[in-house]
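I opened the model to look up its sheet and its nonpolar cores. My notes follow the structure.

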Amino acid sequence: MSKSQLRRRLLSDRQSLAATVWRQNSDRITDHLQAWWRFQQAKTILAYFSFRQEPDLSPLWYVSPEKVWGFPRCVDGSLIWHHWRPENARQRGSFGLMEPHPRLRVLQPSEVDLILVPAVSCDDCGYRLGYGGGFYDRMLSQSEWSKIPTVGIVFAAARVDTLPRDSWDQPLAAVCTEEGIWEFPK
């Protein structure tokens with residue numbers, strides 16, 4: 001199956017999840033993340049605002065207010081990360097995604113300890129299937145971003161043995177589902 005065919009099928013499956021199952025599984029994911037040593041040690045964490053029934057990580061911003069949270073804006077094919085707090089406004093940006101206001105402070109790679117990466121699917125080797133824009137792969141291929149631990153966030157139904165790969169695909173350090181966290185050697 002091609003990446004685009006697999007993406008369509010998995011997105012359709014995810015969007016058909018009952019709201020109660022989506023909420024329960026999202027909460028289990030946040031529980032696993034909170035208990036994970038990398039999350040506990042991280043001071044600055046990059047995350048995402050849930051879209052199209054992606055796992056919802058928003059409880060983390062409230063139970064871990066001591067963390068510095070960063071969220072992306074899509075600008076000219078790149079992700080620009082801004083420091084965001086729950087009291088800050090959000091706005092609809094590129095691709096219909098919620099984004100932090102552009103006037104909020106920009107975070108630099110040197111400040112970041114962990115990246116929570118949205119995905120359509122992840123495999124047992126640490127590779128992810130995204131939405132096809134290449135935003136995260138481009139960012140993670142840059143030397144200043146490549147050493148920061150990344151964890152793909154997906155529901156267990158979207159975790160597969162092996163995904164189709166291209167030369168530009170960047171592996172993750174870990175994958176988190178409602179069933180647990182799997183780390184991969186780099």
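**Sheet**

I began with strands β9 (residues 150-153) and β11 (residues 174-177), which run parallel and are joined by 3 bridges. In this pair, valine 151 stands opposite alanine 174 of β11. I took helices (H or I, at least four residues) and strands (E, at least two) as DSSP runs numbered from the N terminus, and counted two strands as paired if DSSP finds at least two bridges between them.

This is a predicted model, so local features need pLDDT of at least 70 and side-chain atom pairs pLDDT 80 or more, while totals for chains, interfaces and linings use all residues. Residues are numbered from 1 along each chain as its sequence is written, and side-chain values use heavy atoms, without hydrogens or water.

I then traced the whole sheet: it is open, with 7 strands in the order β3-β2-β1-β6-β9-β11-β12 and mixed pairing. β3 (78-84) and β12 (180-183) are the edge strands, each pairing on one side only.

**Cores**

Of its 28 residues, Leu46, Leu79, Trp81, Ile115, Met139 and Trp145 touch the most other members. α1 (3-15), β3, β6 and α5 (135-140) each give two or more residues, and α5 gives the most, with 4.

I noted a second, separate core of 24 residues, including Leu33, Phe39, Ile45 and Phe49.

Methods:
Core = buried A, V, L, I, M, F, W, Y, C linked by side-chain atoms within 4.5 Å. Buried < 20%, exposed > 50% of the residue type's maximum accessible area, 1.4 Å probe, protein only.
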